[in-house]
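Subject: Handover of a structure with its ligand

Dear colleague,

Please find the structure below for your records. The notes on what was found in it follow directly after.

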Amino acid sequence: MSQFKDGILTGKVALITGGGSGLGAGIARRFAAQGARVALLGRTSEKLEATAATIRAAGGEALCVAADVRDYAAVDEAVRRTVTTFGALDLLVCSAAGNFLAPAATLSANGFRTVVDIDLCGTFNACRAAYAALATRKGAILHITATQAFVPTPLQCHAGAAKAGIEKLTRDLALEWAGSGVRVNALAPGPIDDTEGMRRLAPGDMAATMRRAVPLGRFGTIDEIADAALFLCSPAASWITGTTLVIDGGTALAGGARFLELLAPTS
Ligand code: COA
């Protein structure tokens, strides 16, 4: 018997893309701790199983579905397996993402397309595949975007374009699906400690420089993102849709100029 049966998500079923690691895994653990049964979707079975094991060890229920969000048929099948296993789908979190630092002047067309494909098209694929099941439960969708969506950021044109697309998709779907009671919101995290994203985007000394640029004086934590995700997916946010919640310690307020240091080796 789970120790978490009286959580705010008790009785809910959540599917989390990118649920095997980083923010997605943190959100999955938090949702499970609040009573949800969770399905974890990602490319790497070992990561999914490791996260599922921590959820099960805490008394939660977790299903692992290995799939690439770029493959619509695989995402559709993951939704079907989730509904078959848990009986319904109430919540979808689109956390799967790919990123790297790359100067626009040398980034290949395929590199640009790959990030847009994972982040933006992958998000659409999951929403499209999950909509019918979500609509029967008046469910909620949460997209994980990033502050690059609206802060001009050197070496991030691919991610910025993809995330800006997700923000627009958030508002379009929120409007289009409001009539069926499906809420659609987004979180735009700034730099978060202990994530693959930060290992890629703040290599070496860059982490210390970026940390100093955060108005609240530190990077965020996966737990803080999970808290915000829980709020937006819970009944506490039942009249919120089409919103992107920036959660970045004030970093976006200061703009993206600090990233110009990263251009030094290539300009
Ligand atoms: N700089 C420039 N271009 C890069 C790159 C980098 N660091 N990494 C990959 N690319 C380019 C590749 O060269 C390739 O383009 P090409 O065919 O013209 O050479 C294209 O991107 C696709 O790379 P590939 O490795 O085949 O893609 P993939 O589908 O196997 O992997 C990535 C996708 C590239 C996004 C990979 O980094 C990944 O899997 N990331 C997931 C984890 C992650 O990024 N987490 C952080 C999220 S914030």
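In these notes, contact means heavy atoms within 4.5 Å. Helices (H or I, at least four residues) and strands (E, at least two) are DSSP runs, numbered from the N terminus. The model is predicted, so local features need pLDDT of at least 70 and side-chain atom pairs count only at pLDDT 80 or more, while totals for chains, interfaces and linings use all residues. Residues are numbered from 1 along each chain as its sequence is written, and side-chain values use heavy atoms, with hydrogens and water left out.

Helix 8

The buried residues of helix 8 pack against helix 1 (22–33) and against strand 4 (91–94), strand 5 (140–144), strand 6 (183–189) and strand 7 (244–247). Buried here means under 20% relative accessible area, exposed over 50%, and partly exposed in between (1.4 Å probe, protein chains only). Among the buried residues of helix 8 are Ile222, Ile225, Ala229 and Cys233. The expected span of a helix is 1.5 Å times one less than its number of residues. For the twelve residues of helix 8 (residues 222–233) this gives 16 Å, which agrees with the 16 Å between its end C-alpha atoms.

Ser95 and Gly18

Ser95 lies in the loop between strand 4 and helix 4, and it is buried, at 12% relative accessible area. Leaving aside residues up to four places away in sequence, Ser95 touches Thr17, Gly18, Leu23, Gly24 and Ile144. Gly18 belongs to the loop between strand 1 (13–17) and helix 1 and is also buried, with a relative accessibility of 18%. The C-alpha atoms of Gly18 and Leu41 are 5.8 Å apart, although 23 residues separate the two in sequence.

The ligand

An oxygen atom of the ligand lies 2.6 Å from a side-chain N or O atom of Ser108. For Arg70, a polar side-chain atom is 2.9 Å from a ligand oxygen atom, and for Asn99 a backbone N or O atom is 2.9 Å from one. The protein covers 56% of the 940 Å² of accessible area that the ligand has on its own (Shrake-Rupley method, 1.4 Å probe).

With kind regards

Note on methods:
Polar contact = N/O pair within 3.5 Å; in protein donor to acceptor, adjacent residues only side chain to side chain.
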